[in-house]
Amino acid sequence: MTQPFDHTTRRNIAERCAAFARLPASEPALALKRAAVAIALTEAGDAADGTAVLLTLRAAGLRAHSSQWALPGGRCDEGETPVTAALRELHEELGLELREESVLGLLDDYPTRSGYLITPVVVWAAPSAAISPNPDEVASVHRIALGDIERADAFDFTTIPESTRRVIRFRHAGQFIHAPTAALIYQFREVLAGRDTRVADLEQPVFAWR
């Protein structure tokens, strides 16, 4: 169902995030590094009257996870909170300069196989916010309508020989997007529906373990 990009939708999402019983933040294991990503909400565009999540395809020249789907984000710098790191990365990757008042809430931390503990930060970008991707980091930017992530068949689960955990997949543009991105979008979808669904146990494909 289409959700207009307006004050009512922003208020409703903020209320859902506030009602979400986020697991208590904890210090990561010594092997894990702090990171943050932005679940950035903006206009759907392309004549669609709705709200969308910004998703990027990482540049091919990046040293880690090149050419993979991702939410804007990265490692927390020394002294940064997940919120300040997510807002900084949004600006560095997409040219979006948002203040902390744009933050609607936080989702659960997600530990990755590649050694990070990711905090998802839900933010609201004003209609006037211009997106200017940094070509050194971003190959392309995509707007995923909330209606698309709320479809019953948007996500599926499979298994791999290397793990006993379920592998989550999100279908977009004829491709599969995997965890951590798929897991974080899935939890956001569940939050929108008023469900406290946990995703830390959802597995990533082997190619994302490095």
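Helices (H or I, at least four residues) and strands (E, at least two) are DSSP runs, numbered from the N terminus. On that basis Ala 173 falls in the loop between β10 (163-172) and β11. The structure described here is a predicted model.

**Two loop residues**

Ala 173 has a phi near 55 degrees, which is a positive value in a residue other than glycine. Its relative accessible area is 62%, so Ala 173 is exposed. Pro 180 is placed in the loop between β11 (175-178) and α4. The peptide bond that joins Ala 179 and Pro 180 is cis, with omega at about 10 degrees.

**Aromatic rings**

A pair of aromatic rings is described by the distance of the centres and the angle of the planes. The model has 4 aromatic pairs. One of them is formed by Phe 5 and Trp 124, which are stacked, with 4.4 Å from centre to centre and 5 degrees between the planes. This pair links distant parts of the chain, 119 residues apart: Phe 5 belongs to the segment before α1 (7-19), and Trp 124 to strand β7 (residues 116-124). With a relative accessible area of 13%, Phe 5 is buried. Trp 124 also counts as buried, at 7% relative accessibility.

Phe 155 and Tyr 186 are edge-to-face, because their ring planes stand at 65 degrees, with the centres 5.1 Å apart. Here too the pair links distant parts of the chain, since strand β9 (residues 155-160) holds Phe 155 and helix α4 (residues 181-192) holds Tyr 186, 31 residues apart. Both Phe 155 and Tyr 186 are buried. One aromatic cluster is made up of Phe 155, Phe 157, Phe 170 and Tyr 186.

Charged side chains also sit over rings. Arg 166 lies over the face of Phe 157, 4.2 Å from the ring centre. Phe 157 is itself a member of the aromatic cluster. The charged end of Lys 33 is over the ring of Tyr 116, at 4.7 Å from its centre.

**Packing of α1 against α4**

The axes of α1 and α4 are 9 Å apart, and the two helices pack at an angle of about 100 degrees. Angles of 65 to 115 degrees count as roughly perpendicular, so α1 is roughly perpendicular to α4. On the α1 side the residues are Ile 13, Arg 16 and Cys 17, and they meet Phe 188, Val 191 and Leu 192 in α4. By class, this contact has 5 nonpolar, no polar and 1 charged residues.

Thr 42 is buried, with a relative accessible area of 5%, whereas Glu 43 is partly exposed, at 35%.

Leaving aside neighbours within four places in sequence, Thr 42 is in contact with Phe 5, Gly 50, Thr 51, Ala 52, Leu 54, Ala 125 and Arg 143. With residues up to four places away not counted, Glu 43 touches Phe 5, Gly 50, Ala 52, Pro 127 and Arg 143. Glu 43 and Phe 5 are 38 residues apart in sequence, and their C-alpha atoms are 5.7 Å apart in space. Phe 5 is the residue that stacks on Trp 124.

Leu 57 lies in strand β2 (residues 48-58) and counts as partly exposed, at 22% relative accessibility. Apart from neighbours within four places in sequence, Leu 57 is in contact with Ser 67, Gln 68, Trp 69, Val 138, Ala 139 and Ser 140. The C-alpha atoms of Leu 57 and Gln 68 are separated by 5.6 Å, and the two residues are 11 apart along the chain.

Thr 84 is in helix α2 (residues 82-94). At 28% relative accessibility, Thr 84 counts as partly exposed. The distances between C-alpha atoms are set out below.

| Residues | Apart in sequence | C-alpha to C-alpha |
|---|---|---|
| Glu 43 and Phe 5 | 38 residues | 5.7 Å |
| Leu 57 and Gln 68 | 11 residues | 5.6 Å |
| Thr 84 and Thr 56 | 28 residues | 20 Å |

Key
Residues numbered from 1 in each chain as written. Predicted model: local features only at pLDDT ≥ 70, side-chain atom pairs only at ≥ 80, totals over all residues. Heavy atoms only, no water. Phe/Tyr/Trp six-rings, centres within 6.5 Å; stacked < 30°, edge-to-face > 60°. Buried < 20%, exposed > 50% of the residue type's maximum accessible area, 1.4 Å probe, protein only. Lys NZ or Arg CZ within 6 Å of the ring centre and 35° of its normal. Axes fitted to C-alpha atoms, helices over the stretch in contact; angles between N-to-C directions. Parallel < 35°, antiparallel > 145°, perpendicular 65-115°, else oblique. Contact = heavy atoms within 4.5 Å. Nonpolar A, V, L, I, M, F, W, Y, C, P; charged D, E, K, R; others polar.
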